[in-house]
Amino acid sequence: MKNMKIKTFNETIDLGDGRIITLETGKLAKQAHGSVVVQMGKAMLLCTVVSNYDASNVDFLPLTVDYREKFAAAGRYPGGFFKREARPSDGEVLTMRLVDRVLRPLFPKDYHSEVQVMIQLMSHDEDVMPDALAGLAASAAIQLSDFPFECPISEARVARVDGKFIINPSRVQLEKSDIDMMVGASAESVMMVEGEMDECSEEEMAKAIKFAHESIKVQIEAQVRLAEAVGKKAVREYEKSDENEELSKKIHDATFNKSYEIAKKGTSKSERSLAFSTLKDEVKSLFSEEEMEENGKLIEKYFNKSQKEAVRELTLSEGLRLDGRKTTDIRPIWCEVNYLPSTHGSSIFTRGETQALATVTLGTSREANKIDMPSYEGEETFYLHYNFPPFCTGEARPLRGTSRREVGHGNLAQRGLKGMIPDDCPYTVRVVSEVLESNGSSSMATVCSGTMALMDAGVQIKRPVSGIAMGLISDGERYAVLSDILGDEDHLGDMDFKVTGTSEGITACQMDIKIKGLSYEILVKALKQARDGRLHILNKITETIEKPNPEVKAHAPKMVTSRIPNEFIGPFIGPGGKVIQELQKSTGCTIVINEDPETEEGIVEILGTNQEGIDLVLCKIDSLLFKPEKGNTYKVKVIKMLDFGAVVEYLDAPGNEVLLHVSEIAWERTNNVSDVLKLGDELEVKYFGVDPRTRKEKVSRKALLEKPEGFVERSPRPQNKDNRRRDNRERGNKNSK
């Protein structure tokens, strides 16, 4: 049997610094409608795309983007009992969202066939972050298919290290950067931006986007070359939506002016919804039952289109918005802190019809969020969770666990806040945002509420952070930038973006740009208008709580850290953990020990609500580390009486004992120890180090006493063999007693 010949096609992308990205097709997954392997270094991603030929019975695009990292790619086993990959991690979900947001707008609006884009990390390279290659892989695979798709795109990560921009940096480089952004774009337009910054300016952010876009253009050229080499397939035929220009004009003429007037009234969400619903019923009454049955979906579609055009025209021509605000106005804000009495920190942030209740919980490193992905293992000592229950929008929907949207919004808020957590914060900090009302930008309300809750909890953040959601409406000639957008304005605009930051600069951003050729001048103007809005909101926050509380609350745990040499960790823990367990039980504290490989020390975290208990643990550590210095004087306490002396304990280091020999109690001969000392007596002794004769530590009370006049000290007995045997025998008898 002859060997089967495989014809492969390859294209390369030079990132300009010796790093190469390779696109390959023709070898793997040939039954998929499009498949490509993207390789950079040892990292390899396989992307496959498939779309059904029959349209689904839905009025939207059923697109699924799935990104998975295989543990075998990094030579590792999955955790858990079954030892196989299970539900996607938050990191994988975030990558899915990044790719989905760029791909979805490029399919035709009337294409309703199910589409699956599956991206798998098959081989991992520690110097390559695979999520930066996922968008490139998805677009390249689609270019090899027959899908109706507007144009190729790509995504790239841009970082700034020591003032220099880098495309697709390694994780080591990323840790040193002050800008970390993912940018998705076509050759003509930037479509998506998401990232975090170290309080950078609007101009710096725009420069980073420009730099990433230039690299994306090169990646798109490689996709086009690959598709041409393979042979670009003709776009498949599909059942397109019916259009009726006459019907569209009839509905537009009947509803545009009325929609304009409803929008101009500046009413609340519920009043506005009722008015538009009544107008829709009026439109439906213009048609017979037969016409409604035949064209019902088109009538509703054209009504929504007319309504959208009216609202946009109101903003462009008069600068007014649905709720009566001008383009730069921020909705009324009220805030409150310390609302929940039992949490470690809490706050409410309400802006218009959006409300977020945030809580803060403080813990030890044991509560850190463990991240276990094939491409990254680590932990987060600051993390934020975002919950969006259906009642916050007045809906009743099934509860099916944490949604991708909740993961994405929570991650954005976390990125906006985490840079303000000080490096020396001893706690693991968890923020939870419960969205109680939503009509626009609940993620930004989460940032504001989270800031106040952190300050209420006594976390010494560097600066407070605020966030704002912005919108853009443009008809090509006119444009309007909208501050603090409503939920309705989110979907009718041409760009929506969320920006978080301090008084010093931007900390995080998320943008979805729906119009082609947005100029960087308009982008910077929009970002500067967002800055004005952020500062306005920041003033409202600081009016409620100006700075972090100086201490954590009385019922919140206090955290103290201490360091001990590694050789003392064992004695501190005790056999089978006996010592540390008893200490935790007696003090009511939680004690966690982590080894620091750099300093060869153990970091002891002590968490407790009772300062007395914390002090007892610190005292135990001090006692363990206590080393008396030769020639120094120490206060001691008698804790045991013996025939040949007294066992004394250092007052500065409870638990550290030493024998005060009977011969060192006084200058005069002491026949009975009890004649001079009693249990509980406190006295001073001088430390002489280890006695070379007895090989034991020696302390003396008499060395601190004045020698009596005329006192003659007995000469020590010569240490011949018989004397040594007798001394050893006497010591053995005394020890046995």
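Predicted model: local features only at pLDDT ≥ 70, side-chain atom pairs only at ≥ 80, totals over all residues.

Let me begin with an open sheet of 6 strands, ordered E1-E2-E3-E4-E6-E5, in which the pairing is mixed. At its edges stand strand E1, residues 9-14, and strand E5, residues 63-69; each has a single partner strand, so one side of each is left without a neighbour in the sheet. On average, neighbouring strands here are turned by 15 degrees against each other, direction ignored.

Helix H2, residues 131-143, lies across E1, E2, E3, E4, E5 and E6, and it runs at about 150 degrees to E3.

Now the other sheet. This open sheet has 8 strands in the order E8-E7-E9-E10-E21-E20-E18-E19, and its pairing is antiparallel. Which strands are at its edges? They are E8, residues 164-167, and E19, residues 479-483, each of which pairs on one side only. From one strand to the next, the twist averages 20 degrees. Helix H11, residues 520-544, packs on this sheet and touches E10, E18, E19, E20 and E21. The direction of H11 makes about 145 degrees with that of E18.

Last, strand E12, residues 345-351. Is E12 largely enclosed or exposed? Of its 7 residues, 7 are buried, so E12 is largely enclosed by the rest of the structure. In a regular strand, side chains alternate between the two faces of the sheet. In E12, Gly-345, Ser-347, Phe-349 and Arg-351 point one way, while Ser-346, Ile-348 and Thr-350 point the other way, and all are buried.

What does E12 pair with? Strand E11, residues 333-337, runs antiparallel to E12 and is joined to it by 5 bridges; the bridge partner of Val-337 in E12 is Ser-347. E12 also pairs with strand E13, residues 354-363, in the antiparallel sense over 7 bridges. Arg-351 has Thr-354 as its bridge partner in E13. The hairpin of E12 and E13 has 2 residues between the strands, and Gly-352 takes a positive phi near 60 degrees there.

Technical notes: Residues numbered from 1 in each chain as written. Heavy atoms only, no water. Buried < 20%, exposed > 50% of the residue type's maximum accessible area, 1.4 Å probe, protein only. Helix = DSSP H or I, 4+ residues; strand = E, 2+ residues; numbered from the N terminus. Pairing = 2+ DSSP bridges. Axes fitted to C-alpha atoms, helices over the stretch in contact; angles between N-to-C directions. Contact = heavy atoms within 4.5 Å.
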